[in-house]
Amino acid sequence: MAKYLLLKHYRGAPAPTNDVPMDRWTPEEVTAHIQYMQDWAAKLQSTGEFVDGQAVSPQGTFVRSGGPGQPPVTDGPFAETKDLIAGWMVIDVDSYERALELAAELSDAPGAGGRPIQEWLELRPFMTEAPTVLE
Amino acid sequence: MNDTLLRELVPAVIGVLVRRGAEFAAAEDAVQEALIRALETWPGDPPRDPKGWLVATAWRKFLDAVRSESARQRRELAVEAEPAPGSVAATDDTLWLYFLCAHPSLSPGTAVALTLRAVGGLTTRQIAAAYLVPEATIAQRISRAKRQLAGLPLDRPGDPGTVLRVLYLVFNEGYGGDVDLAAEAIRLTRQLAAATGDPEAAGLLALMLLHHARRASRTGPGGRLVPLAEQDRSRWDTALIAEGVEILQAALARDRLGEYQAQAAIAALHADAPSAAETDWVQIVEWYDELLGLTGSPVVRLNRAVAIGEADGPRAGLAELDKVDPALPRHQAARAYLLERAGERERAAELYAEAAHLAASLAERDHLTRAAARLRGNSELS
C-alpha cells in the first residue's frame, strides 16, 4: 500500500471545467456539493483506504526565524503567494492508478447547474520508509 | 507470557473452528476474542495445553455468538449437530489459511492485512501501527476482506506464488509499530516452507534470512542509508547467513529453480564476500541472467547492468544500462554511480541530484543528495 496526499486548492490550481465561484451557486447546489464530498469520504472509509482529512482556513501567515534571541518574523496573510490550500486528504491505496482514479472521482463533485466541477486536485506520494531490500 | 508463541497457535485454532463448521469470519472473530482472554488470564494462570485452551475458549466464544444471534430452536439443532471435537492435522489448516488470506480476489494491501491478522495473529492495532494508518482503516480493510471471501467457494488451493508474494510484501515494509514486520514475515515463511516443502518457499525464506542478517549494518546514525560496499561486515549476523545459505543449497539441490531462489543466490554471494572488492561479481551476473530468464523484469535488467559494471567495468555497465527503460525507479541513481566509477564526476553529481528528486524514501533521497554534494566538493556536508 502507498499513501498519497490529495490537495484541494482555493487558489493556485488551474481553472476547473465548470468554473463558477461557489458563492454564485444556489444553496441547493452547495448542499449537493458538500453531500457528494461527505459520501465520497465515507465510501473510502468503508474500503479501508481513508487515512485522514481536514479542511483548513483560507487565513494563513508566513513565519520565519528572526535570528538568535529575536521573536519570529511574520509576513501578513500570504502576501506573495499565488497558492492557497483549502484542505487535504490522505489515502492509502494499492497503486498509483487507484490514487488517480479516486482523485478524479473527487474532482467530479457537482457544482453550478448540478454539473461536475472537474476541478484540478494535486496528488503527491508520501515519502516511504526505505524498503528492507535495497541492494 | 510469550506473545510470539501465542500467535503461532492462531492459524491452527482458526482451522479447527472452520473444520468444525464455523464460517471463516466468525471463526476469526472468536479466536481474536480468545486471544484477548488469554492475554488477560494466562499470566496469572498459565494453561497446561495452550492450544487446547485456545480451541476450547474460541469455540465457546463462537457458540456464544451463534446463540445470541439465533432462535432457541435453531440453536438447539446446532448444538445437536455439533461434531465431536477430534484431532486435526494442524499443518493442513495453517496452509489452507495461507491460501485463503492470499486469495486472488483480494487486493495486495487487503491480503497483507488479513494474513497478518489471521495467520500471524496480530491485533488490528498492531497492524495499524506497523503501517502508520488509523486502526479504523485496518479494521475496515479486514472486515471487507472477510465479506469478499464470504461468498466464494474455498475448496481449491490457491496459487502458491500469490502467498509468497504477500509474505514478501510484508517483509519489505518499513518498521512503524512495536511489531517487527520483517521478523514476522520470516516467522510465517518458516512455517509455510516447513508445511509445503516447496523449494520456492525455502528460497524466499533463505532470501529473507540473508537480507535480515545485514539489517543492522544497513543504516547508520539517524537512519542514514549505508550502501552495501560501505557496510561494516563484522556486524552481519553470521548465524543467520549460515542458515540462509544452508536452506538455499537444499532448495537448489532439488532442481526446481524459481525467482526467489535466484534472488537468494545473489544475496548469498554478497553475504559470502569478505569485502565488496572481493565479491564474486561474475557469478552474480550469471544469477542475474537466470533471474532475467525467469521474470523478464525490467528491474532485474537494471540491477544486472549494475552488476555487469562491477564485473566488467563501469563502461560495460553503462552500455547495458542504455538498454533499460530510463523511466524505471533508480535508473538515474544507477547511471550516476557507474559514471562516478568511470571518473565523470561532474555528470555523476548532476544525475545524483536528479535521482534524489525522484527518490521514494527519505533515507534514499538524503543518501543521493549527499552523494551529489560529495562529488561537488562540499565534503563537509557528506
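Before anything else, a cut-off for myself: I call a residue exposed when its relative accessible area is over 50%, and buried when it is under 20%. D322(B), with a relative accessible area of 55%, is therefore exposed. I also keep in mind that this is a predicted model.

**Entry: the D322(B) pair and its surroundings**

I looked up the partner of D322(B) and found a salt bridge with R335(B), the closest N and O atoms being 2.9 Å apart. D322(B) sits in the loop between α17 and α18 of chain B, while R335(B) belongs to helix α18, and the two are 13 residues apart. That loop also holds R330(B), which has a positive phi near 70 degrees without being a glycine. R330(B) is partly exposed, its relative accessible area being 36%.

**Entry: chain B overall**

Of its 382 residues, 48% count as buried. I took the contacts in chain B between residues at least 6 apart in sequence, and 61% of them join residues at least 24 apart.

I also checked the record. UniProt, in an unreviewed entry, puts "domain: RNA polymerase sigma factor 70 region 4 type" at residues 98–149 of chain B. In the model that stretch is 75% helix and 0% strand, with its end C-alpha atoms 13 Å apart.

**Entry: the cores**

Which residues touch the most other members of the largest nonpolar core? I get L17(B), L54(B) and Y131(B), in a core of 101 residues. Helix α11 (residues 199–213) of chain B gives the largest share, 10 residues. Domain 1 (3–190) and domain 2 (197–255) of chain B both contribute, so this core lies between them. A separate core has 22 residues, including A305(B), L338(B), A348(B) and A371(B).

Leaving out neighbours within four places in sequence, its contacts include A22(B), V31(B), V55(B), W59(B) and F62(B).

**Entry: helix α7**

Y131(B) sent me to α7(B), where Y131(B) is among the buried residues, along with T124(B), Q126(B), I127(B), A128(B) and A130(B). That is 6 of the 8 residues of the helix (124–131), so α7(B) is largely enclosed by the rest of the structure. What do these buried residues pack against? I noted β1 (2–11) of chain A, together with α1, α6, α8, α9 and α10 of chain B.

**Entry: domain 1 against domain 2 in chain B**

The area buried between the two domains of chain B is about 1,100 Å², and carbon and sulfur atoms give 70% of it. On the domain 1 side, L164(B), I186(B) and R190(B) lose the most area, together 42% of what that side buries. I count 2 salt bridges between domain 1 and domain 2. R190(B) also meets E243(B) in a salt bridge, 2.6 Å from N to O.

I then looked at D198(B), which forms a salt bridge with R256(B) (3.8 Å, N to O). D198(B) is in the loop between α10 and α11 and R256(B) in the loop between α13 and α14, so the pair ties together parts 58 residues apart in sequence. D255(B) lies in the loop between α13 (238–252) and α14 (259–272) too. D255(B) has a positive phi of about 60 degrees, though not a glycine, and counts as exposed at 68% relative accessibility.

**Entry: chain A against chain B**

Last stop, the interface. The contact takes 21 residues from chain A and 32 from chain B. About 2,300 Å² is buried between the chains, with carbon and sulfur atoms giving 52%. I find 1 salt bridge across this interface: D92(A) to R141(B), with the closest N and O atoms 3.0 Å apart.

Technical notes: Residues are numbered from 1 along each chain as its sequence is written. Chains are lettered from A and ligands numbered from 1 in the order in which they are written. This is a predicted model: local features need pLDDT of at least 70, side-chain atom pairs count only at pLDDT 80 or more; totals for chains, interfaces and linings use all residues. Side-chain values use heavy atoms; hydrogens and water are left out. UniProt positions are given in the numbering used here, feature names are shortened, and annotations may be inferred rather than shown by experiment. Helices (H or I, at least four residues) and strands (E, at least two) are DSSP runs, numbered from the N terminus. A nonpolar core is a set of buried Ala, Val, Leu, Ile, Met, Phe, Trp, Tyr and Cys residues joined through side-chain atoms within 4.5 Å. Buried means under 20% relative accessible area, exposed over 50%, partly exposed in between (1.4 Å probe, protein chains only). Domain bounds come from an automatic or database domain assignment. Contact means heavy atoms within 4.5 Å. Buried area is the accessible area (1.4 Å probe) that two parts lose on being put together, summed over both. A salt bridge is a side-chain nitrogen of Lys or Arg within 4 Å of a carboxyl oxygen of Asp or Glu.
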